[in-house]
Amino acid sequence: MKRKDLILFAVLLLLAGVSFIISRMMPEKSDARLEITIDGESYGSYSLGDDQTIKIGSTNVCRIENGVVTMTEADCPDHICVKTKPIDRKGGSIVCLPNRVVLKIIGTNASDEEPEVIAG
């Protein structure tokens, strides 16, 4: 390999790395929604595009701000859900086990929903 080939390879590798990092930093919120369930039952579905504070029953409070979801309050003893890293991508979740509250980011496309299970 010549010196110019090595420089070209290094530049292409650098561009690929920068592109990957930028794509990971950009939240996938164009069609994403926050789905909240309590004890397996749907509590509500909220757009990540709307900044809001959501009181979840009498036990938890979550916040959607700039497409990022955080659990801000909980009356559980360990507060692990409040200490959990904020979520902003499809598939991200925050769980409060003592209160049986699950926050999960989902897509709005029909293909993003979980498949039906058919037993035969």
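Me: Quick one to start. Which residue in strand 5 stands opposite Ile64?
Reply: Val69 stands opposite Ile64. Strands here are DSSP runs of E with at least two residues, helices are runs of H or I with at least four, and both are numbered from the N terminus.

Me: What kind of model is this, and what limits apply?
Reply: This is a predicted model: local features need pLDDT of at least 70, side-chain atom pairs count only at pLDDT 80 or more, and totals for chains, interfaces and linings use all residues. Residues are numbered from 1 along each chain as its sequence is written, and side-chain values use heavy atoms, with hydrogens and water left out.

Me: How many helices and strands in the protein chain?
Reply: The protein chain has 2 helices and 7 strands. From the N terminus, the order is α-β-β-β-β-β-α-β-β.

Me: Back to strand 4. How many bridges pair it with strand 5?
Reply: 6 bridges, with strand 4 and strand 5 (residues 68-74) antiparallel. Two strands count as paired if DSSP finds at least two bridges between them. Another partner pair here is Glu65 with Val68 in strand 5.

Me: What does the turn between strand 4 and strand 5 look like?
Reply: The two strands form a hairpin with 2 residues between them. Asn66 in that turn has a positive phi of about 55°.

Me: And how many bridges does strand 4 make with strand 3?
Reply: 5 bridges, again in the antiparallel sense, between strand 3 (residues 52-56) and strand 4 (residues 60-65). Gln52 has Ile64 as its bridge partner in strand 4. That hairpin has 3 residues between the strands, and Gly57 takes a positive phi near 60°.

Me: Changing topic. What is the strand order in the open sheet?
Reply: The order is 2-1-7-6, with 4 strands and antiparallel pairing. Strand 2 (41-47) and strand 6 (93-96) are the edges, each pairing on one side only. Neighbouring strands are turned by 20° against each other on average, direction ignored. The axes are lines fitted to C-alpha atoms, for helices over the stretch in contact, and angles in general run from 0 to 180 degrees between N-to-C directions.

Me: How many bridges join strand 6 to strand 7?
Reply: 4 bridges join strand 6 to strand 7 (residues 101-107), and the two run antiparallel. Ser93 stands opposite Lys104 in strand 7.

Me: Now the core. Which residues touch the most other members?
Reply: Leu34, Ile36, Ile54, Cys62, Val69 and Leu103, out of 20 residues in the largest nonpolar core. Strand 1 (32-38), strand 3, strand 4, strand 5, strand 6 and strand 7 each supply at least two residues of this core. A nonpolar core is a set of buried Ala, Val, Leu, Ile, Met, Phe, Trp, Tyr and Cys residues joined through side-chain atoms within 4.5 Å.

Me: What counts as buried?
Reply: Buried means under 20% relative accessible area, exposed over 50%, and partly exposed in between (1.4 Å probe, protein chains only). Of the 120 residues of the protein chain, 24% are buried.

Me: Which residues does Ile36 contact?
Reply: Leaving aside neighbours within four places in sequence, the contacts of Ile36 include Tyr43, Tyr46, Ile54, Ile56, Cys62 and Leu103. Contact means heavy atoms within 4.5 Å.

Me: Next, electrostatics. How many salt bridges in the whole structure?
Reply: The search finds 2. The criterion is a side-chain nitrogen of Lys or Arg within 4 Å of a carboxyl oxygen of Asp or Glu. One joins Arg100 and Asp39 (3.7 Å, N to O). Arg100 sits in the loop between strand 6 and strand 7, Asp39 in the loop between strand 1 and strand 2, 61 residues apart.

Me: Are Arg100 and Asp39 buried or exposed?
Reply: Both are exposed. Asp39 counts as exposed because its relative accessibility is 53%.

Me: What about the phi of Asp39?
Reply: Positive, about 55°, although Asp39 is not a glycine. His79 also has a positive phi, near 55°. His79 lies in the loop between strand 5 and helix 2 (80-83). At 31% relative accessible area, His79 is partly exposed.

Me: Which side chains meet in the salt bridge of 3.9 Å?
Reply: Glu65 and Arg63, N to O. Glu65 is partly exposed at 41% relative accessibility. Arg63 is partly exposed too, at 23%.
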